[in-house]
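This briefing goes through a protein model topic by topic, beginning with a pocket and moving on to the fold, the core and some local backbone features.

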Amino acid sequence: MSRLSESLVPIAQTAPPGSGGASIIPLVMMVGMVMMFYFVIVALPQRRMLKERQALLDSLKKNDRIITSGGIYGTVVAVDAEQDRVTVRICDEPAVRIQLNVRSVMQILREEKQA
């Protein structure tokens with residue numbers, strides 16, 4: 001080959017066969033983008049929801065109206081933070097009380113003050 005024809009050969013053809021070094025970069029970038037989307041779409045919102053749930057459980061106090069995970073409406077009688085237990089009154093006549101795990105409280109019913 002002449003010198004002119006060697007200069008016209010593309011660079012990709014001059015690479016040794018089987019090196020494949022350039023083909024791994026897009027794969028690494030795709031994996032990085034998938035991980036970034038996972039954290040933005042799944043991990044961060046889940047962490048935020050867990051913090052909100054923990055704040056809800058920490059704010060639980062006597063005389064709060066609650067709904068349990070089983071759909072039971074009741075009023076908190078006592079909170080035992082050491083044993084993660086809450087005592088709930090579900091009926092006034094006769095006074096029916098049950099003890100639940102704190103994590104079974106799904107919602108605290110707070111009345112919004114109207115102006």
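Which residues line the largest pocket? The lining consists of Gln54, Leu57, Asp58, Leu60, Val79, Ala81, Asp84, Val102 and Arg103, where a pocket is an open set of points on a 1 Å grid over the protein atoms alone, reached by a 1.4 Å probe and with protein on both sides within 12 Å along at least five of seven lines, and lining residues have an atom within 4 Å of a point. The model is predicted, with local features requiring pLDDT of at least 70 and side-chain atom pairs pLDDT 80 or more, while totals for chains, interfaces and linings use all residues. Residues are numbered from 1 along each chain as its sequence is written, and side-chain values use heavy atoms, with hydrogens and water left out.

**Overall fold**

- The protein has three helices and five strands, taken as DSSP runs numbered from the N terminus (H or I of at least four residues for helices, E of at least two for strands), and they follow the pattern α-α-α-β-β-β-β-β along the sequence.
- Of the 115 residues, 17% count as buried, a class defined by under 20% relative accessible area, with exposed meaning over 50% and partly exposed in between (1.4 Å probe, protein chains only).
- Among contacts (heavy atoms within 4.5 Å) between residues at least 6 apart in sequence, 35% join residues at least 24 apart.

**The largest pocket**

- The space in this pocket is about 160 Å³, a volume filled by probe spheres set on grid points that are joined across faces, edges and corners.
- Helix H3 (residues 24-58) gives the largest share of the lining, three residues.
- By class, the lining divides into five nonpolar, one polar and three charged residues, where Ala, Val, Leu, Ile, Met, Phe, Trp, Tyr, Cys and Pro count as nonpolar, Asp, Glu, Lys and Arg as charged, and the others, Gly among them, as polar.

- Thr87 lies in strand S3 and is buried, at a relative accessible area of 16%; beyond four places in sequence, Thr87 touches Thr75, Val76, Val77, Ala78, Arg97, Ile98 and Gln99.

**Aromatic pair**

- The structure holds one aromatic pair, and the rings of Tyr38 and Phe39 have their centres 5.5 Å apart and their planes at 70°, so the pair is edge-to-face; rings of Phe, Tyr and Trp (its six-membered ring) pair if their centres lie within 6.5 Å, with planes under 30 degrees apart counted as stacked, over 60 as edge-to-face and the rest as tilted.
- Tyr38 is partly exposed at 44% relative accessibility, and Phe39 is partly exposed at 43%.

**Backbone features in loops**

- The peptide bond from Glu93 to Pro94 is cis, with omega near -20°, and Pro94 sits in the loop between S3 and strand S4 (96-101).
- Asn63, in the loop between H3 and strand S1 (65-68), has a positive phi near 70° and is exposed at 54% relative accessibility.
- Asp84, in the loop between strand S2 (73-80) and S3, has a positive phi of about 50° although it is not a glycine, and Asp84 is partly exposed at 35% relative accessibility.
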